[in-house]
Amino acid sequence: MAFQWKERYSLKIPEIDAQHKRLFEIGEHAYELASLNDDYDHFDEIRTIINELLEYTQYHFKYEEKFMSTFNYPDINDQITSHNFYVNKIKGITDSQIDDDQHKAVLDILDFLAEWISSHILISDRKYADYYFQHGNKA
Ligand SMILES: [Fe+2]
Ligand SMILES: [Fe+2]
């Protein structure tokens, strides 16, 4: 399973954890739809869920960037750059990638997205959470 929430992803910031969990849920749903191996064409459903993934990801990143700015997180620009990179990856998913080969092209991209967001949470988001707990409460 590509998008699977693990307890070690928790940053102990409840709203952020809830948003990360929601991102994994949407990603997992997309993965399941793209994995279906039946006689139906799931193009519309996959397109819809990928649009949902894009919208929710943008919502989460904006929320996070605003949160980081409330305690003057010094590495906020690295976060913004990474977030933009990721959003563009999702935006780059073409109809033909969904259509041509539902069982390969789109699954490869979803695997990439799952790997990326997992390590982003474990490394980059963890850094701002640590900073927040050290400095943020005093702001
Ligand atoms: Fe995040
Ligand atoms: Fe982030």
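A salt bridge here is a side-chain nitrogen of Lys or Arg within 4 Å of a carboxyl oxygen of Asp or Glu. The model on your screen is a predicted one.

**Stop 1**

Select Lys127 and Asp75. Their side chains meet in a salt bridge, with 3.5 Å from N to O, which falls within the 4 Å limit. Now colour by secondary structure: Lys127 sits in helix H5 (residues 105–135), while Asp75 is in the loop between H2 and H3, so this pair ties together parts that are 52 residues apart in sequence. Show the surface and you will find Lys127 partly exposed, at a relative accessible area of 44%. Asp75 is partly exposed too, with a value of 28%.

**Stop 2: the iron ion (ligand 1)**

Next, click on the iron ion (ligand 1). Which protein donors does it have? They are His20 (NE2), His60 (NE2), Glu64 (OE) and Asp125 (OD), at 2.1 to 2.3 Å from the ion. Try the angle tool on these four donor atoms: the angles run from 82 to 171°, and the site is irregular. Along the chain, the donors of the iron ion (ligand 1) follow the spacing H-x39-H-x3-E-x60-D. Highlight the two histidines on the cartoon. His20 belongs to helix H1 (residues 14–35) and His60 to helix H2 (residues 43–70), so the pair ties together parts that are 40 residues apart in sequence. Buried or exposed, what are His20 and His60? Both His20 and His60 are buried.

**Stop 3: across to the iron ion (ligand 2)**

Stay with Glu64 and bring the iron ion (ligand 2) into view. The two iron ions are 3.5 Å apart, and Glu64 coordinates both. Select the protein donors of the iron ion (ligand 2): Glu64 (OE), Gln79 (OE1), His83 (NE2), His120 (NE2) and Asp125 (OD), which lie 2.2 to 2.4 Å from the ion. For the iron ion (ligand 2), the spacing along the chain reads E-x14-Q-x3-H-x36-H-x4-D. Glu64 comes from helix H2 and His83 from helix H3 (residues 76–91), so this pair ties together parts that are 19 residues apart in sequence.

**Stop 4**

How many salt bridges does the structure hold? There are six salt bridges in the structure. Pick Arg47 and Asp95, whose closest N and O atoms are 2.6 Å apart in a salt bridge. Arg47 lies in helix H2 and Asp95 in helix H4 (residues 95–100), so the pair ties together parts that are 48 residues apart in sequence. Arg47 counts as buried because its relative accessible area is 18%, under the 20% cut-off. Asp95, at 42% relative accessibility, is partly exposed.

Move on to Lys104 and Asp108. This salt bridge has its closest N and O atoms 2.7 Å apart. Lys104 is partly exposed, with a relative accessible area of 44%, and Asp108 is partly exposed at 39%.

Methods: Residues numbered from 1 in each chain as written. Chains lettered and ligands numbered in written order. Predicted model: local features only at pLDDT ≥ 70, side-chain atom pairs only at ≥ 80, totals over all residues. Heavy atoms only, no water. Donors = N, O, S within 2.8 Å, 3.2 Å for Na, K, Ca; no water. Tetrahedral: all angles 85-135°; square planar, octahedral: opposite > 155°, others 65-115°. Helix = DSSP H or I, 4+ residues; strand = E, 2+ residues; numbered from the N terminus. Buried < 20%, exposed > 50% of the residue type's maximum accessible area, 1.4 Å probe, protein only.
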